[in-house]
Amino acid sequence: PCDLTEEFLSSFTKIQTSPSKFQKDVVTTLRSLDLGVREEATCKQTRYSIDAIVTTKTGADVAVEVDGPDHFLGRKPLGS
């Protein structure tokens, strides 16, 4: 049988994201604290979209999920 894993993951990661105003406010606040922030990053293992990744002063990366499931209320979840 054909292995569809790579095809699935490739199409899954092409989904356009749309940060909420709340997410933008959180990222702005994190940046004002002089933290390194990457917005709408992709997890290397799962390829899920992460709202933000904060790099601490010790060099550790911390994933930040801002909206959680509330982001999808009234909408059809996209699998994340």
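**Figure 1. Overview of the predicted model and its accessible surface.** Accessible areas come from the Shrake-Rupley method with a 1.4 Å probe, and on this basis the accessible surface of the chain comes to about 6,100 Å², of which 57% belongs to carbon and sulfur atoms. The structure shown is a predicted model, in which two helices and three strands are found, following the pattern α-α-β-β-β when read along the sequence. Of the 80 residues of the chain, 20% count as buried. Among contacts between residues at least 6 apart in sequence, 30% join residues at least 24 apart.

**Figure 2. Helix H2 and its buried side.** The 12 residues of H2 should span 16 Å at 1.5 Å a residue, and this agrees with the end C-alpha atoms, which are 16 Å apart. The buried residues of H2 are Gln-23, Val-27 and Leu-30; because they cover an arc of only 60° around the axis, they sit on the same side of H2. An α-helix has 3.6 residues a turn, so residues three or four places apart point the same way. The cover over the buried residues of H2 includes strands E1 and E2.

**Figure 3. The exposed face and the end of helix H2.** Lys-21, Thr-28 and Ser-32 are exposed residues carried on the face of H2 that is turned away from its buried side. Ser-32, which belongs to H2 (residues 21-32), has a relative accessible area of 57% and therefore counts as exposed, the cut-off for exposed being over 50%. A polar atom of the Ser-32 side chain lies 2.6 Å from the backbone oxygen of Thr-29. Just after H2, Asp-34 takes a positive phi of about 65°.

**Figure 4. The hairpin formed by strands E1 and E2.** Strand E1 (residues 36-42) runs antiparallel to E2 and is joined to it by six bridges, with Glu-39 standing opposite Ala-52 in E2. Six residues lie between the two strands of this hairpin, and in the turn Arg-47 has a positive phi of about 65°.

Figure 5. Strand E2 (residues 49-55) is largely enclosed by the rest of the structure, because five of its seven residues are buried. Four bridges join E2 to strand E3 (residues 61-64), and the two strands run antiparallel; Ile-53 stands opposite Ala-63 in E3. E2 and E3 form a hairpin with five residues between them, where Gly-59 in the turn has a positive phi of about 95°.

Technical notes
Residues numbered from 1 in each chain as written. Predicted model: local features only at pLDDT ≥ 70, side-chain atom pairs only at ≥ 80, totals over all residues. Heavy atoms only, no water. Buried < 20%, exposed > 50% of the residue type's maximum accessible area, 1.4 Å probe, protein only. Contact = heavy atoms within 4.5 Å. Polar contact = N/O pair within 3.5 Å; in protein donor to acceptor, adjacent residues only side chain to side chain. Pairing = 2+ DSSP bridges. Expected span 1.5 Å × (residues − 1). Arc of directions from axis to C-beta.
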